[in-house]
Amino acid sequence: MIGLLILTHGRLADEFLATAQAIVGKEPGVAAVSLLAHEGIPQLQEKFRQALGALPQTDGVLVLVDMVGGTPSHAVLPLVQGMSMEVLAGVNLYMLVSALAHRGHLTLSALTQKVLDDGRRSVVNIKEAFLSKLQ
Amino acid sequence: MPLALVRIDDRLIHGQVVEGWAPRVQATHLVVASDQAAADPVQRALLSLAVPAHLRISCCSIQEAARCSRVGEWDADRVLLLFANANDAALWVEAGGTCPSINVGGLHYAPAKTQVSTALFLNHEDLRVFQQLQRKGIRLEVRALPLDPPLDFWELLAQTVPHLQP
């Protein structure tokens, strides 16, 4: 199974995971790592390594960070070279649910593309979409 | 043109700098002065990730940053100058960099350092370096974001960790 790791500012990662699990059920092979206000990059990298160590590695790991160019993305990118790991920024609940739902039957690269596409599809002006349906 | 802001922050370029400070001080050019970052292609690539297109970004050694300040290399820009730690800022000042004040933004947790505020952890050695900066007449203000109240570095220390001495 592909491991999933969510890495964010504040406690977003924990809450994302808890909320996604409330939707799709509690699953193994998923971890959340939060960058707290007092922590620097070395602490975050250490927490990331520990969380990674507890995940299944055989089929690779998909890492979801909150914001491109933020400290979580800065912390993780130096560690990814040579690893069976993909990293997407801009995690939202839709992407996480998609990742949990599809990781059992896709390869890491296919799952990465799927979650990226779903993420892009999930950012929508829903009022506009709704009104156009009404007409 | 004087520097728009000089900041010490071990996270270097991140949201607080790009979204908070850069627009506030109307920076046009972010400069990371760090020997370590300048010599590391991974770090340099990371720093330019997600910096908006209207901001120029460069990464140089501390000596090079001091040279740029001395010869007026950045005179046409509004430069936001970033250091990863107080020592780098002091080396820049020793090499001829000048500024009236330094924003102490974040020096995050490290073993054997004392917590002063949410994102500020210091040891005796750090204090000695900040003292050097102080002796050069540089005002030190602690502030993560522009809209936070600016705190005088030494007053904050006296209030929160009076036992911590250089």
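Q: What makes strand β2 (residues 29–33) of chain B mostly covered?
A: In this predicted model, 5 of the 5 residues of β2(B) are buried, where buried means under 20% relative accessible area, exposed over 50% and partly exposed in between, with a 1.4 Å probe and protein chains only. B:H29, B:V31 and B:A33 point one way and B:L30 and B:V32 the other way, and all are buried. A strand is a DSSP run of E with at least two residues, numbered from the N terminus.

Q: How do you know that β2(B) pairs with strand β3 (residues 56–60) of chain B?
A: Two strands pair if DSSP finds at least two bridges between them. Here 5 bridges join β2(B) to β3(B), and the strands run parallel; B:V31 has B:S58 as its bridge partner.

Q: Why is B:C99 called buried?
A: Its relative accessible area is 12%, which is under the 20% limit, so B:C99 counts as buried.

Q: Why is B:C59 called partly exposed rather than buried?
A: Its relative accessible area of 23% lies between 20% and 50%, so B:C59 is partly exposed.

Q: What are the conventions used here?
A: Residues are numbered from 1 along each chain as written, and chains are lettered from A and ligands numbered from 1 in written order.

Technical notes
This is a predicted model: local features need pLDDT of at least 70, side-chain atom pairs count only at pLDDT 80 or more; totals for chains, interfaces and linings use all residues. Side-chain values use heavy atoms; hydrogens and water are left out. Helices (H or I, at least four residues) and strands (E, at least two) are DSSP runs, numbered from the N terminus.
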